[in-house]
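Thanks for coming. Please have the model open.

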Amino acid sequence: MEHARAFEPVQDGRIYIEKINYPMLYRDKATPAEYWAGLQHAIGQGWLEYHESGTFVRMLPAGNDLFA
C-alpha cells in the first residue's frame, strides 16, 4: 500500500501496476509469489481495485483511510 500511495494517480485514479511492481520486486526484494500475495491481500481487504487488464490498480477509500 505504501508503494501504491507513493505515486500520483493518473487518469481516473489509475496507478499503473509497474509503479508497484518495481519497488516491491527490486527494492524490497519480494519474490513474485510474495508480491502477488500482497496484492491479493490488498484487493481482498478492499484497499485496491485491480483492473481486469492487469495494467493498473485504483486506491479505494478504505486504502486511503490507512494513511489518514
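**Strands, a helix and a pocket**

Strand β2, residues 48-50, pairs with β3 in the antiparallel sense over three bridges. Strands here are DSSP runs of E of at least two residues, helices are runs of H or I of at least four, and both are numbered from the N terminus. Two strands pair if DSSP finds at least two bridges between them. This is a predicted model, in which local features need pLDDT of at least 70 and side-chain atom pairs count only at pLDDT 80 or more, while totals for chains, interfaces and linings use all residues. Residues are numbered from 1 along each chain as its sequence is written, and side-chain values use heavy atoms, with hydrogens and water left out.

Between β2 and β3 there are five residues, and the two strands form a hairpin. In its turn, Gly54 has a positive phi of about 80 degrees. β3, residues 56-59, is also joined to β1, residues 14-16, by three bridges, and these strands run antiparallel. Look at Arg58 in β3: it is the bridge partner of Glu49 and also of Arg14.

Now α3. Its 13 residues should span 18 Å at 1.5 Å a residue, and its end C-alpha atoms are 18 Å apart, which agrees. The expected span is 1.5 Å times one less than the number of residues. Which residues of α3 are buried? They are Tyr35, Leu39 and Ala42, where buried means under 20% relative accessible area, exposed over 50%, and partly exposed in between, with a 1.4 Å probe and protein chains only. They cover an arc of only 60 degrees around the axis, so they sit on the same side of α3; the arc is that of the directions from the helix axis to the C-beta atoms. The face turned away from that buried side carries the exposed Ala33 and Gly44.

Next, the largest pocket. A pocket is an open set of points on a 1 Å grid over the protein atoms alone, where a 1.4 Å probe fits, with protein on both sides within 12 Å along at least five of seven lines; lining residues have an atom within 4 Å of a point. The lining has 14 residues, and Met1, Met24, Gly38, Leu39 and Ala42 lie nearest the centre. α3 gives the most to this lining, with five residues.

Last, the loops. Asp12, between α1 and β1, has a positive phi of about 60 degrees although it is not a glycine. Lys29, between α2 and α3, has a positive phi near 60 degrees and is likewise a residue other than glycine.
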